[in-house]
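Here are my notes on the model, point by point. Please read them with the structure open.

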Amino acid sequence: MNWDQALFNLLNGKLSHPYLDPIFRFFSDERLWIPVAAFVLVRALLKKSHRHIRILVVVTAAVVFVDFVSFRVIKPNVARKRPCHQEEPVRLAASGCGSLYGFPSNHSANAAAASAVLALGVSRAFVPWGALFCFLIGYSRIYLGVHYPGDVLGGFFFGADEFSDLVGLIN
């Protein structure tokens, strides 16, 4: 058994409990982004800040681009099946398994892209919060049984790397 499978078995099996399932479903829910985006938009409108609007546009563009490339280009070419589509038993705490392929994790890539843009373009003080946000999203994907740790790490690296160049559009 390789490190990825062993760590997955630990996080998805041994370190899981039904009481924690709703918490990790929350961190995997795409609707988690809605209050964050709404806060930035309302703040931009109240302050009449074009910079906040640019931040929202760049973060949205980053997430849309990373999500598209990850799902339409990388996943079909790597073709690594999700743990919940493998023959080994998996504790599936998510509402469904998702598409057949899991590398890289779109959730992790999107979170890393958004966090990288915000940390580099807005404030370095965002770095610990962005890292925590990314960690919780990535961990939730493993915990729920839909991604291996390698899928999550691949998503983090892809998402963060792709959008560090867009920071110039914010300032």
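1. Start with Asp 67. Leaving out residues up to four places away in sequence, Asp 67 touches Asn 106 and Asn 110; contact means heavy atoms within 4.5 Å. The side chains of Asp 67 and Asn 110 make a polar contact at 3.0 Å. A polar contact is a pair of N or O atoms within 3.5 Å; within protein, one must be able to donate a hydrogen and the other to accept it, and residues adjacent in sequence count only if both atoms are side-chain atoms.

2. A word on the source. This is a predicted model, in which local features need pLDDT of at least 70 and side-chain atom pairs count only at pLDDT 80 or more, while totals for chains, interfaces and linings use all residues. Residues are numbered from 1 along each chain as its sequence is written, and side-chain values use heavy atoms, with hydrogens and water left out.

3. Where does Asp 67 lie? Asp 67 is in helix H4. Helices here are DSSP runs (H or I, at least four residues), numbered from the N terminus. Asp 67 counts as partly exposed because its relative accessibility is 30%; buried means under 20% relative accessible area, exposed over 50%, and partly exposed in between (1.4 Å probe, protein chains only). The C-alpha atoms of Asp 67 and Gly 159 are separated by 8.8 Å, yet these residues are 92 apart along the chain.

4. Next, the largest nonpolar core. It has 14 residues. Such a core is a set of buried Ala, Val, Leu, Ile, Met, Phe, Trp, Tyr and Cys residues joined through side-chain atoms within 4.5 Å. Val 59, Val 66, Val 117 and Phe 158 have the most contacts inside this core. Helices H4 (50-78) and H5 (106-121) are the elements that give two or more residues to it. H4 gives the most, with eight. Beyond its neighbours within four places in sequence, Phe 158 is in contact with Val 66, Val 69, Ser 70, Ile 74 and Ala 109. A second, separate core has twelve residues, including Phe 8 and Tyr 139.

5. Now the helix pair. H1 (residues 3-14) and H6 (residues 127-143) pack at about 85°, with axes 8 Å apart. That makes H1 roughly perpendicular to H6 (angles of 65 to 115 degrees count as such). Phe 8, Leu 11 and Asn 12 in H1 meet Tyr 139, Ile 142 and Tyr 143 in H6.

6. Asp 4 is also in H1. Is Asp 4 buried or exposed? Asp 4 counts as buried, at 4% relative accessibility. Its side chain joins that of Arg 80 in a polar contact of 2.4 Å. Please look at that pair. Outside four places in sequence, Asp 4 is in contact with Arg 80, Tyr 148, Pro 149 and Gly 150.

7. Ser 16 sits in the loop between H1 and H2 (21-28). Ser 16 is buried, at 16% relative accessibility. A polar atom of its side chain lies 3.0 Å from the backbone oxygen of Asn 12. The side chain of Ser 16 also makes a polar contact with that of Arg 91, at 3.4 Å.

8. Last, the backbone. Most residues other than glycine have a negative phi, and most peptide bonds are trans. Phe 103 and Pro 104 are joined by a cis peptide bond, with omega about -5°. Ala 79 has a positive phi, near 55°. Pro 104 is in the loop between H4 and H5, and Ala 79 is in the loop between H4 and H5.

Key: Axes fitted to C-alpha atoms, helices over the stretch in contact; angles between N-to-C directions. Parallel < 35°, antiparallel > 145°, perpendicular 65-115°, else oblique.
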